[in-house]
Amino acid sequence: MIVTATILLTVATLAVAVNPQKVGSFPVKNAAFTNIYRTFDKKTNKTSYDLLITSFDAVPFSTDYAYIVRDVGRYMENVGAIKPQTLTDKVTWPNEISGVPQNVFNTSMVAIPDGFLVPFKTKGGIKLVNISGSAFGAPVLITEESGEDWFYHRVQWVDMDNDGDYDALTCRARKPLFGSEEGELLWYENPSTPTVRPGWTPHVIAKGPDVYFEYYRLNTPNGNKSCIFTAQFFTKSLSVYWTESGNWLNSDDVKSRIIDNTTGAVFDVTVNDIGNDGSLDLLVTTNNAANGSVLAYEIPPDFRTGAFPRHLLASGFKPRTQGMGKGAPGSAYPIKYIVPRKKAPVILSGDDDGRAYILYAAQDDIRDWTYTLQPFLDVGEGTVGQITVEDLKQDGSLYIFVPAYTQGQVHVFHYQP
């Protein structure tokens, strides 16, 4: 099973939906996670899109990699010419690689959370790599050296203690040889030093959350609240945590509630306006060996107390071949139209079912949650990893990067919604 991430895109055009069209592919052995790092150069007034890729191998003591393709948009007429540069090989089972917003360190940095439930690759962390120059810096491990085998999958940058700088919000998990799985929602305090140093101070918010989450600020009758939605895979629940004071250091002010614990292993969650009706929703996937699903939850006016109406968008997902740790689907990627009342299509990673899908709304009626599921890539008995979608040419059309782990390829599609 490859765990995948989420993104939200805005599209300015309205047209009859057609399937994404393949424009090419390029080789990356064990391609697992992809992401786009969007940066802006004030001197040239230019936005650049760098493609980030991770690669890992389950063979004990094998070398794993993170790669970068600078300004990937220039290759869209000749995708086969792409030759990714090695960003680092000082990683262990690298997961959701992402670009750090430039205002966090006033430079271009990449965050690589790593580690997994694989022999000799269980000890992970969060590593930062400076990519601002022509040569890449050595990875800096900001997670503490505790001696415990935690693995990490996602990082978001949030000012958790209201001191003016951005801290690393994350989840971590582990499964001891003897005993049950454990998970923690926590953040690492930015020491605000001139250069990035290792060993940031950890602050545990709660036990239970393990892999994926999304930070958001939501309105309530009592004002805007800082909250974190967690997709808890091992404890099989979708939950939300929030702080009444706005400062996550005040543990007495941190509250939580379970939104749903009846759907199985919750895989990923993202906050978005799926119906494009001005109201936010949760787009959620559950990853299972027999009946994985895609779900939407309407966020109530007060997320702390209100009911989250649930809608099933697609179900029945399962791996092509059974095996320990295999499941389907992966994450869902909403594409949000700016055209009023037009419901968004959703791109979905099939994970171990070996497909990439697009879900089309059957009706634009916001009360109708019926979707049609259509595959646009089938790699057979293999795994599809983290999909990345971006408007590289800023023309309203999208490029989709689909890593096919077992094939050792990254497939590229063009999509005009």
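**Cysteines, rings and strands**

Trainee: Is Cys171 buried or exposed?
Mentor: In this predicted model, the relative accessible area of Cys171 is 0%. The cut-off for burial is under 20%, so Cys171 counts as buried.

Trainee: How many disulfides does the count come to?
Mentor: A disulfide needs two cysteine sulfur atoms within 2.5 Å. The cysteine sulfur closest to that of Cys171 belongs to Cys227 and is 14 Å away, which is too far for a bond. Cys227 is likewise in no disulfide, with the sulfur of Cys171 as its nearest cysteine sulfur. The count of disulfides is therefore zero.

Trainee: What is the relative accessibility of Cys227?
Mentor: Cys227 counts as buried, which takes a value under 20%. Its relative accessibility is 0%.

Trainee: How many aromatic pairs are there?
Mentor: Two rings pair if their centres lie within 6.5 Å. By that rule, the number of aromatic pairs comes to 16.

Trainee: What kind of pair do Phe61 and Phe120 form?
Mentor: Their ring centres are 4.5 Å apart, with 40° between the planes. Stacked pairs have planes under 30 degrees apart and edge-to-face pairs over 60, so what remains is called tilted. The pair of Phe61 and Phe120 is tilted.

Trainee: How many residues apart in sequence are the parts that this pair of Phe61 and Phe120 ties together?
Mentor: Both Phe61 and Phe120 are exposed. Phe61 sits in the loop between β4 (46-55) and β5, and Phe120 in the loop between β8 (109-113) and β9 (126-130). The pair thus ties together parts whose separation in sequence, in residues, is 59.

Trainee: Are the rings of Tyr212 and Phe267 stacked or edge-to-face?
Mentor: The centres of these rings are 6.1 Å apart and their planes stand at 75°. Planes over 60 degrees apart fall in one class, so the pair of Tyr212 and Phe267 is edge-to-face.

Trainee: Which strands hold Tyr212 and Phe267?
Mentor: Tyr212 is buried, and Phe267 is buried too. The pair links distant parts of the chain, 55 residues apart. Tyr212 belongs to residues 212-220 and Phe267 to residues 266-272, which are strands β15 and β19.

Trainee: Which ring does Arg172 lie over?
Mentor: Arg172 is 4.5 Å from the centre of the ring in question, and the cut-off for a charge over a ring is within 6 Å. The ring whose face Arg172 lies over is that of Trp150.

Trainee: Which strands stand at the edges of the open sheet?
Mentor: The sheet has four strands in the order β11-β12-β13-β14, with antiparallel pairing. An edge strand here has a single partner, so one of its sides is left without a neighbour in the sheet. The strands at the edges are β11 (151-158) and β14.

Trainee: Which residue in β14 stands opposite Leu185?
Mentor: β13 and β14 pair in the antiparallel sense over six bridges. Opposite Leu185, the residue in β14 is Ala206.

Trainee: Is Ser192 buried or partly exposed?
Mentor: Ser192 is found in the loop between β13 (182-189) and β14 (201-207). Phi of Ser192 is near 55°, a positive value in a residue other than glycine. Its relative accessibility is 46%, and buried would need under 20%, so Ser192 is partly exposed.

Trainee: What is omega for the cis peptide bond of Ala328 and Pro329?
Mentor: Pro329 is in the loop between β22 (310-317) and β23 (332-337). The cis peptide bond joins Ala328 and Pro329, and its omega is about -5°.

How values were computed. Residues are numbered from 1 along each chain as its sequence is written. This is a predicted model: local features need pLDDT of at least 70, side-chain atom pairs count only at pLDDT 80 or more; totals for chains, interfaces and linings use all residues. Side-chain values use heavy atoms; hydrogens and water are left out. Helices (H or I, at least four residues) and strands (E, at least two) are DSSP runs, numbered from the N terminus. Buried means under 20% relative accessible area, exposed over 50%, partly exposed in between (1.4 Å probe, protein chains only). Rings of Phe, Tyr and Trp (its six-membered ring) pair if their centres lie within 6.5 Å; planes under 30 degrees apart count as stacked, over 60 as edge-to-face and the rest as tilted. A charge sits over a ring if NZ of Lys or CZ of Arg is within 6 Å of the ring centre and within 35 degrees of the ring normal. Two strands pair if DSSP finds at least two bridges between them.
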